[in-house]
Amino acid sequence: MPDSFKMGNLPFSLLTESEQKLLRSNLDIGYYQSGEVIIKAGEQSEGVYVVYRGRVAESEPQDEGDEMLHVFMHYENEDYFGGWSAMHGSAIHNFTAEEETICHIFSTDILLELMDSNPGFADYFQQNLAAKSEIVAQQGEGQDMAEFMLATIEEAVVRDPLIVNEGTSIKESTQLMRETKSDSVLVRRGGRIGMVTGTDILNAIVLNDGSVDADVATIATYRLITCKPDDFLFNALVIMTQQQIERVVVMEGDTLVGVVQLTDVLSYFSSHSHVIGLRLERASTIEDLREAAAGLNNLIKALISTGVRIRFTMDLLAAMNKRIIAKLFDLVVPADMQPHVCLIVMGSEGRGEQIMKTDQDNALIFRNGLNWAEKHQTMQRFSETLISFGFPPCPGNIMVSNPEWVNSVDDWTQNLQDWSMSNDPEDQMRLAIAVDAKPVAGNVALFKVARNWFLRTMRNNDLFFSHFAKAAVEFDTPLTFFGNLKERGELDIKKGGIFPIVHGVRTFALEQRILATNTFERLEALVDAGVMQESNAKDISEALGLFVNIRLRQQIRRAEQTEDGIDPTPNIIELQQLNKMDRELLRDALLVVKSFKKSLTSRFNLPS
Amino acid sequence: MMILPRAIRKFKDKRAVKDPRWASLFDKYEGDEVVSLDCETTSLDVGEASILSIGAVKIKGKRVKTSERLDIKLKPPADLTAESIKIHKIRAADLADGVSIEEALEQVLEFVGNRPILGYYVNYDIRMLDKFLRPTYGFGLPNKAIELSHVYHDIIKWRHVGGDVDLRFDTIADKLNMPMIQRHTALGDAISVALMYVRLKHGDTPL
């Protein structure tokens, strides 16, 4: 019954009270000296070990002559191990105490009993990444809610009050409400303040046959429910629920500050993105647009900190960026030219997978033989304006200000073909960026002609695909780096995780002539096409989402630490910043990448 | 009561065992298990103290078998004083659903068997149990006793030539860098002592 065992950690927190009791009463404590093997490869694991003190390394069994000890993972501080080995009969790796270690231990029988009675716990132990992420996300929901609820009333949703004096007629009041888009009005009567809602007016006129010229003060309610500006939004919600009302008056001492409405409280969560979207839509000058675009970074931070799923965040952001770019196109490109050109965004922008504003990767395709003298001047201005909006210029100069990326349909298709036949890594990269292209403004047909032609010519060109896929397996996916936890371990997540997935999926998608450019959508399409198993696609999606999420959190943290607000090492994951849960998920996700690379290697006959 | 060496008393006691159930307690122990045991009492004077709770765990090799344990709360004794309440944080209310001393002793004998008994100042705990055992059973605990502070002292003494070794419980736990689990509960102390014992038996010599 040692209460030294922490039930609050996943997956044990998933257990019910009686299951936790069962677990507690079946725990043993094991003591291991530094260097002692706790579970030996090939032998049976007694059960699940949870580290209480010390550190345990999981490593590949060493053959004679092996010099390097290949450590997969370190376990410490409430990490658990041995569950997999226990369920599969025998361990495939060695588990060795690296320092004096004390573990809580429970037997395989108990593990199986708990898995049997608790499906969530079982999923968690099956090492299924998608299921695991789902569980973690669900457990996190409470916290997000808490953050939301901790907002104060003044930060969130106070509306300016509409106040009229005693003697104002119901009709006048209603007109004022209409003009100010309020659905309630406050009435000053002597020293008191009363409230009249739209419903009150309806009742007075329709049900009670009142006159529209009657004094509005006669139908007001003077027993007002109030709260203070620094009250939690949560309290306002509680008051409204208790009193069965929809509005609360905000008072600072004796001063009237405003009114909080139930609908505002409820929509507080989503209103940020909504507001920015509206502003983008209404922008009629470049200045308006710039101001609206500036709100995006805060929106991203808000979404991330409130735990909105990363894929939704990416979708929302892609939509926002697309609107900004399309709107700017409208403002910069003369209306008579717009039907003859097509603006495309490429790379992560084209896939809709950028989070922070990423480099501009864009190009312009124009109708063969178009005569437009100010073409390059206009595009120059377009790129510069985007830069001033905070979209960094592309370091490879892949943007419309560069005449190389402003082409007629014929030249564009020729480029695609040239790149696909070239061995130059630069050309390979250009092609990879270009096949993720998405049209955002102008005449979409121009883009489609070029793309469809390209997809047709690539058909069954095994040599090309084999060549193209190679880049995905070029970088090692480093599982050993968890061993460096104490030595400021760092991982380039783009090379090790994101790029292999994105490029591998891109290759599969091209081969199947899938039109979607978003990696998640491509994966879904690959499942529909029967090329990929659904469970694999799900794991790959989860892995990518996890990489992006973890990277983003570190980017935000680092960006805040620099003066210019730009993260100098955007693709680096610093291990010591991760909590236990993240580390575990990251490790599983990297294993997913490893096996995906294996399938690429065999599918496209890559040298292994 | 006559003061007799434990060995002689044990010899006498063995003949006094009336219930054949307990005869095996006097057999020589052949296994590799040890029982770590601790009693929380109302006083440090065996003569006047009552037992509040008894905790015990088995140790097998390097494993503290907290899954095989004894965690007994007794009925509140008449002499539960404010003083002992402060130390053990056990109030009469906590013991309301406790068992009788007779039931407790039976559980202890059943659990311990003829295994060696480990403790910190273990003789105190054994004497406490004996005090209640003798009137009903006619014998005291015959088990071999292992004193944690002796085990510690034997291992560490060469580092302290000419000096006294600090044998306080907290000091030993600290020197061994062992966690203390639920301090001042009988079971918690029994587990902590068991961990220290395993550490002393199987780990490196502490500094």
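Author: Happy to! The contact draws 14 residues from chain A and 18 residues from chain B, where two residues count as in contact if their C-beta atoms, placed from the backbone, lie within 7 Å. On the chain A side, the largest share is four residues from strand E1 (residues 28-32) of chain A. Helices (H or I, at least four residues) and strands (E, at least two) are DSSP runs, numbered from the N terminus. Sorted by class, the side of chain A that touches chain B holds five nonpolar, five polar and four charged residues. Here Ala, Val, Leu, Ile, Met, Phe, Trp, Tyr, Cys and Pro count as nonpolar, Asp, Glu, Lys and Arg as charged, and the others, Gly among them, as polar.

Before going on, a word on the model: it is predicted, local features need pLDDT of at least 70, side-chain atom pairs count only at pLDDT 80 or more, and totals for chains, interfaces and linings use all residues. Residues are numbered from 1 along each chain as its sequence is written, while chains are lettered from A and ligands numbered from 1 in the order in which they are written.

Now back to E1(A). This strand pairs with strand E3 (residues 63-73) of chain B in the antiparallel sense over two bridges; strands pair if DSSP finds at least two bridges between them.

For another example of pairing, look within chain A, where three strands form an open, mixed sheet in the order E12-E13-E14. Strand E12 (226-227) and strand E14 (255-261) of chain A are at the edges with a single partner strand each, so one side of each has no neighbour in the sheet. Strand E13 (residues 247-252) of chain A pairs with E14(A) in the antiparallel sense over six bridges, and Glu252(A) has Thr255(A) in E14(A) as its bridge partner.

Finally, visit a loop in chain B. Tyr121(B) lies between strand E4 (117-119) and helix H4 (122-137) of chain B. Its phi is near 50°, a positive value in a residue other than glycine. Most residues other than glycine have a negative phi. Tyr121(B) is partly exposed, with 14 other C-beta atoms within 10 Å; on this scale a residue is buried if 20 or more other C-beta atoms lie within 10 Å of its own, exposed if 12 or fewer, and partly exposed in between, with C-beta atoms placed from the backbone.
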